[in-house]
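Try each task before reading its solution.

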Amino acid sequence: MMNSKSLFIFVILFGIIIATLISRNGEIAILTIPFIVYLCVGLLKFPTSTNLRATRTLGKNSITVMEKGRIALEIINEGESLGNVHVVDTVLPGAKIIDGRSENWLYLPKTSRFKFSYDFLAKRGIFTWDTLQVIVSDPLCLFEISHFIPAEGKISISPTITKIRRLPIHPHSTLHSTGSIRAGIAGSGTDFWGVREYQIGDKLQRLNWRLTARHPHRLFTKEFEQEEVADVVLVLDARALSDNQSTEESLFEYSVQATTALADYFIKGGNRVGLLVYSKVIKNIFPGYGRRQLSNILTVLSQVNPQPYIPLNILKNLPGRIFPKNAQLFVVSPLGPDDEDAYFRLRSFGYQIYLLSPDPLGLCTLEKRNEPSQKLALRAAHLDRYLKLQRLLMIGVRVIDWQMNKSLNETLYRYFNNTNRNKNILENLI
Amino acid sequence: MKQISWILAWVSYITSIFCLVGAYLPIDIWKILIGIPLLALLLLAIKKLKGNWPIYSIFVIYIFLIVLGLSEGRSLPLVMIGIVCAFTWWDLELFNRNVILDTASEHVEIIQANHLKSLILVIIISVGLMAISSQIHIQLTFWWIFGLSIVAVFGLFFFFYQMKKN
């Protein structure tokens, strides 16, 4: 009930009484009068009972990291008049209030209500509120009572979705349903596949007139590559090594953003997409289609945080339902020290693997980069990474080396439009 | 309306300083020459630093100087006006910093008015009681003073305990 102000008054009163005793001067005792009157007025004006209710309304229950969130709070006073009410709402961890205030001082007459709101930008995560703190005090702010009124709310802040322009992957096998991934067989796609002799039932618009003109009395039909959907499993490495703590930018956040972008791209392409978050506590979403699946993936990605390091070997024991046979694996990982064996295993099971590897050295801030020793250390680290990636390339893992000074789209574009894909790793090393 | 609190706080502060200087002026001016720069320094700290500690510190120093002055037989009316003004400044300064600067709602003026009414009530009652008390001249022995002080201290602790309990 007492706050620092009233406590201070007590200390002053105590001090003045002691000073009176020491100096044996009654006039000093007169100085206690304003303080005693102050305490008495504060106590007399303190509200005897409170009856408050609160409601919390969220602008949107689900937003992305860059999106502005809004919280509207309403306080309803169903009891006696309250002269000094301090409302304090819990601000999300790491959130920045951009408009309005999360706390307010109010005057609430009998049976009245008051609304206020604030806008914020917050970090990735799922957050819940249970209560709202309301501090009721006297007009002199001497005595106060803190109430925690139920005001529930839940918000999911998912990572921002970066739109990937084009990702022409070629899995060994596809699911026999029309999609956007080239299946490697003739069919009804858009990319030219070949020419064959005309058969009854072929559409006339597909006739290859030029070839037909060269061979009188014979007709030829153009064939296009069939485009189908595929099984894609995204693996996000959420071990502590994937989070570079040396800078303000987090390597792990880049990985999460990339996984989100990939999930969005593949699901919107009609593919069956699953997710596995690899960390001490493994989280997974079984492969599925559609917007609901994307929403599930985003919910998981909103909550993931780097966990302590564990070896990647555990992947070999995962059930086939998570990694369907012949699925295209898209691993987003900066590559740990003993990860190669796990990739060997997965390749031996016949999985095609793309490794999107954000370069941890790209975010490394060596203050004295120009010093010879630092330069040498950085080069050694680059070489070590290069050798690891080279070994993975040799076992058939398709490595996309993501330099942090380039955007995800730029990296993917460079990789998929480069005839010598292995060159990109070497380029980065140089 | 918001400016009234600030103006009142400043007027109170300046008045309290004048009272302090006035009480000390005829003799022992050197004591004030130590205290006043310290008060000015802390006043600068209020503007520059976050937190309320400079306001509390100024008030404690002021009370110390007042008590010191009274124990040396300085003018009681000046000291009484000084302490009431310093007390008003301290309360308004805390209120301005913690409530007015922190509030965006339209209720700020009502809260401020309520606060000022209560403060004026405190000042009027305090000045009245202090004036009456200053007219009472009873000679008490040390043991009487000691006994009354003990009662006051126990009373304070009891009040404090009750507040904590509730």
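This is a predicted model: local features need pLDDT of at least 70, side-chain atom pairs count only at pLDDT 80 or more; totals for chains, interfaces and linings use all residues.

**Exercise 1.** Trace the strand pairing around strand β8 (residues 125-137) of chain A.

*Solution.* 
- Start with strand β4 (residues 82-88) of chain A. It runs antiparallel to β8(A), and five bridges join the two.
- Check one pair: A:His86 has A:Ile135 in β8(A) as its bridge partner.
- Move on to strand β9 (residues 144-158) of chain A. Twelve bridges join it to β8(A), again in an antiparallel arrangement.
- Check a pair here too: A:Gly125 is bridged to A:Ile157 in β9(A).
- Finish at the hairpin of β8(A) and β9(A). Six residues lie between the strands, and A:Cys141 takes a positive phi near 55°.

**Exercise 2.** Classify the packing of helix α5 (residues 251-268) and helix α6 (residues 290-303) of chain A.

*Solution.* 
- Take the geometry: the axes come within 10 Å and cross at roughly 175°.
- Apply the cut-off: angles over 145 degrees count as roughly antiparallel. The two helices, α5(A) and α6(A), are therefore roughly antiparallel.
- Sort the contact residues: seven are nonpolar, four polar and one charged.
- List examples: A:Val256, A:Ala263 and A:Ile267 are among those from α5(A), and A:Leu294 and A:Ile297 among those from α6(A).

**Exercise 3.** Find how the buried residues of helix α7 (residues 340-348) of chain A are arranged.

*Solution.* 
- Identify them: A:Glu340, A:Ala342, A:Tyr343 and A:Leu346.
- Look down the axis of α7(A). The buried residues fall within an arc of 160°, so they line one face of the helix.
- Name the packing partners: β15 (328-332), β16 (352-358) and α8 (372-394) of chain A.
- Step past the helix end: just after α7(A), A:Gly350 has a positive phi of about 95°.

Notes. Residues are numbered from 1 along each chain as its sequence is written. Chains are lettered from A and ligands numbered from 1 in the order in which they are written. Side-chain values use heavy atoms; hydrogens and water are left out. Two strands pair if DSSP finds at least two bridges between them. Helices (H or I, at least four residues) and strands (E, at least two) are DSSP runs, numbered from the N terminus. Axes are lines fitted to C-alpha atoms, for helices over the stretch in contact, and angles run from 0 to 180 degrees between N-to-C directions. Angles under 35 degrees count as roughly parallel, over 145 as roughly antiparallel, 65 to 115 as roughly perpendicular and the rest as oblique. Contact means heavy atoms within 4.5 Å. Ala, Val, Leu, Ile, Met, Phe, Trp, Tyr, Cys and Pro count as nonpolar, Asp, Glu, Lys and Arg as charged, and the others, Gly among them, as polar. Buried means under 20% relative accessible area, exposed over 50%, partly exposed in between (1.4 Å probe, protein chains only). The arc is that of the directions from the helix axis to the C-beta atoms.
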